[in-house]
Amino acid sequence: ERHTPTGTVERTVPARSLAARTGSVPRAPHRSPRRTPSTATMATYATPAAAAPAGVSSLRARAGSPLRSKPLAAPKRGGGKRSTLRVAAVSTPAKPSGGTPKQDFDWDNLGFGLVETSFMYRTECAVDGEWTKGEVIPYGNLSMHPSAAVLNYGQGIFEGMKAFRTAGSDDVVVFRPDQNAARFAEGAGRMSMPPVPADVFIDAVKRCVSANREWVPPEGKGSLYLRPLLIGSGPILGLGPAPSYTFLIYCSPVASYFKGGKMAPIDLTVEETYHRAAPGGTGSTKCIGNYSPVLKVQLAAKKAGFSDVIYLDAVENKYIEEVSSCNFFCVKGKTIATPALGGSILPGITRKSIIDIARAKGYEVEERNVSVEEVLDADECFCCGTAVVVVPVGSITVKGEKTQFQGGKTGPVAQEMYDELTGIQSGKVEGPDGWLEVVPEEYHL
């Protein structure tokens, strides 16, 4: 092994090492080709030898994994020596973390962007086996085979969920994780992957939140967004299920999804050429392949000044389905209508919660086909989802004609739904049993 002046490493791999990985002995030792990484793909990370936050050192000790993890750049404490490690890095818009949030972390201007936190959760499973005992490990990059099923055939699903600090206490809660666990299992079945048992899923979520507790924003400043992933990480060349799978969870503190902040009305345009999903497809599954295809239309809409796009059904091209990243509701008097789930619409956890809240408040909620004409005649409209929470629709444009709702301001029903939902999530309002899962301190230890 030798280090080149550019910082790369040339390593001769013994034949017995290759045989252990591939099952065959090569004719001659393999030497990695000499490459000079560009400055754009090189990063230098300083690894402090100082003490970690309370409870973190034991995690680091047992965090051995095949992940290439970025060392935490925690503030230096004491006079320990600092070592430097050069690793290949992928360009990311993420804001670098300091291991834990510094005292001057700006919670008031958080936005909805990736902030690298301290830890993530990871476990694995063979195609016909049981899930291994998962572990909390330092946040970092994944090392993956180039023929991994998720990279070649898109075999993967994800979830979106949030943890909150409750008002008047330092308790941290997760909103309806059992519902995410159920949808995650259904999605795994649709994508021919071994489902993660509900108890394993919820335990993993709580451990990830507990390890990143200091990254949960103060009450009223935002939430800790959690992203569980189930991917076909095992290598396969022909089309088929992966031989092994990885379940991992990472997180990031977030605030408002759309520009303008909380409850700022959004302007939508109806898309009549492209469709998000079709009957018999995967529209009701939160699989990774559902999202990139909408970017073409979404980017064009944003360039034209719209916040997002409303997609229509793929059969008659006249019924509302959903917005790119959220479910849709319209209001007429005391009746709230939302597109019925029919296999092409994602069964949102927030959607389900809003339906329950609205019915408890005396509204008649109808899940059925909702035409564009009906929507344009509505008193008000709003969208909901884990990321967007509840957001009022200020206007909808169809074929170049713009229809405004509530004078472009927030409608009373949208405000009522938002207040009730966020009140429950923050503990200010008593919600139905089981909607909040408390995460005990040091649960991950």
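Which residues have the most contacts inside the largest nonpolar core? In this predicted model, they are Phe201, Leu226, Leu230 and Phe247, in a core of 37 residues. A nonpolar core is here a set of buried Ala, Val, Leu, Ile, Met, Phe, Trp, Tyr and Cys residues joined through side-chain atoms within 4.5 Å. Buried means under 20% relative accessible area, exposed over 50%, and partly exposed in between, with a 1.4 Å probe and protein chains only.

Residues are numbered from 1 along each chain as its sequence is written, and side-chain values use heavy atoms, with hydrogens and water left out. Local features need pLDDT of at least 70, side-chain atom pairs count only at pLDDT 80 or more, and totals for chains, interfaces and linings use all residues.

The pLDDT, which is the predictor's confidence in each residue from 0 to 100, has a mean of 83 for the protein, and 78% of the residues reach 70 or more. Over residues 1-94 the pLDDT is below 50. Beyond near neighbours in sequence, this stretch has 132 contacts (heavy atoms within 4.5 Å). Where pLDDT is low, the predicted coordinates should not be read in detail.

Helix α5 gives the most, with seven residues. Helices (H or I, at least four residues) and strands (E, at least two) are DSSP runs, numbered from the N terminus. Leaving aside residues up to four places away in sequence, Phe247 touches residues including Tyr121, Trp131, Phe184, Phe201 and Leu230. In soluble globular proteins, nonpolar side chains tend to be buried together.

The model holds 18 salt bridges, each defined as a side-chain nitrogen of Lys or Arg within 4 Å of a carboxyl oxygen of Asp or Glu. One of them joins Lys206 and Glu437, at 3.1 Å from N to O. This pair links distant parts of the chain, 231 residues apart, with Lys206 in helix α5 and Glu437 in strand β25 (residues 436-438). Lys206 counts as buried because its relative accessibility is 11%, whereas Glu437, at 27%, is partly exposed.

Glu367 forms a salt bridge with Arg351, with the closest N and O atoms 2.8 Å apart. Arg351 lies in helix α7 (residues 349-360) and Glu367 in strand β21 (residues 364-368). Arg351 is buried at 4% relative accessibility, while Glu367 is partly exposed at 37%. Glu367 also forms a salt bridge with Arg359, at 3.8 Å between the closest N and O atoms.
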